[in-house]
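Colleague: Hi, I'm new to this one. Could you walk me through it?

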Amino acid sequence: MSKKNMWSMMVGVVAFALLLPPDASSFGLFSKHAAVRESNGEIRLALNEVGDGKAHYYAYEDGGKTIKFFIIRSRDGVIRAAFDACDVCFPEKKGYRQEGEFMVCINCGRKFHSTQVNVVEGGCNPAPLAREAAGDQLVIKVADILPGGRFF
């Protein structure tokens, strides 16, 4: 391989690495957080889109600050929501990943069963986010999202 080709390949690899989020979740061009927009002070998401047992990640922009959260339907059928942060590890800005029925802190590795999201709070537990089902939609009030800005 010529030096020119080797140099081009190295530049390409470095550029690609800079675009990837460091933890495959929270930052970079390929963030897993889908942007949401409010309407009349609420975020509305179709229940059939978040009810598959997989964690769905979202980001709400508030005056230049991105507040991240996830929604998951636990095995007991409850749709749950939490900020993608906790009281302990939030300074690292890494959030959680899903492993089966558990949400795992990407920073410290602690696991939290999905049935405990919105139930147990404090420490490294995912910080709860109020939500309610209304017909075929999950409704989250922007007023409940804004306090989560302290994590981000």
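Modeller: Happy to! A quick term to start: a residue is buried under 20% relative accessible area, exposed over 50%, and partly exposed in between, using a 1.4 Å probe and protein chains only. Keep in mind that this is a predicted model, where local features need pLDDT of at least 70 and side-chain atom pairs count only at pLDDT 80 or more, while totals for chains, interfaces and linings use all residues. Residues are numbered from 1 along each chain as its sequence is written, and side-chain values use heavy atoms, with hydrogens and water left out.

Colleague: Got it. How many helices and strands does the protein chain have?

Modeller: The protein chain has 3 helices and 10 strands. These are DSSP runs numbered from the N terminus, with helices being H or I over at least four residues and strands being E over at least two. Following the sequence, the order is α-β-β-α-β-β-β-β-β-β-β-β-α.

Colleague: And what share of the residues is buried?

Modeller: Of the 152 residues in the protein chain, 38% are buried.

Colleague: What about contacts in the chain?

Modeller: A contact means heavy atoms within 4.5 Å. Among contacts in the protein chain with a separation of 6 or more, 54% are between residues 24 or more positions apart.

Colleague: Let's look at β10. Which strand does it share 5 bridges with?

Modeller: That's β2: residues 42-46 pair with residues 137-141 of β10 in the antiparallel sense. Two strands count as paired if DSSP finds at least two bridges between them. Within this pair, Glu42 stands opposite Lys141.

Colleague: How many bridges join β9 to β10?

Modeller: 3 bridges, and those strands run antiparallel too, with β9 covering residues 132-134. Ala134 has Gln137 in β10 as its bridge partner. The two strands form a hairpin with 2 residues between them, where Gly135 takes a positive phi near 65°.

Colleague: Which residue other than glycine has a positive phi near 55°?

Modeller: Asn40 does. You'll find Asn40 in the loop between β1 (34-36) and β2.

Colleague: Is Asn40 buried or exposed, and why?

Modeller: Asn40 counts as exposed because its relative accessible area is 75%.

Colleague: Now Lys93. What is its phi?

Modeller: Lys93 has a positive phi of about 60°, although it isn't a glycine. Lys93 sits in the loop between β5 (79-83) and β6 (96-99). With a relative accessible area of 29%, Lys93 is partly exposed.

Colleague: Changing topic: where does Glu49 lie?

Modeller: Glu49 is in helix α2, residues 47-50. Its relative accessibility is 52%, so Glu49 counts as exposed.

Colleague: Last one, Ile79. Why does it count as buried?

Modeller: Ile79 counts as buried because its relative accessibility is 17%. Ile79 is in strand β5.

Colleague: Which residues does Ile79 touch?

Modeller: Leaving out residues up to four places away in sequence, Ile79 touches Leu47, Val50, Gly51, Ile71, Ile72, Arg73, Arg131 and Leu138.

Colleague: And how far apart are the C-alpha atoms of Ile79 and Ala133?

Modeller: Those C-alpha atoms are separated by 8.2 Å, and the two residues are 54 residues apart along the chain.
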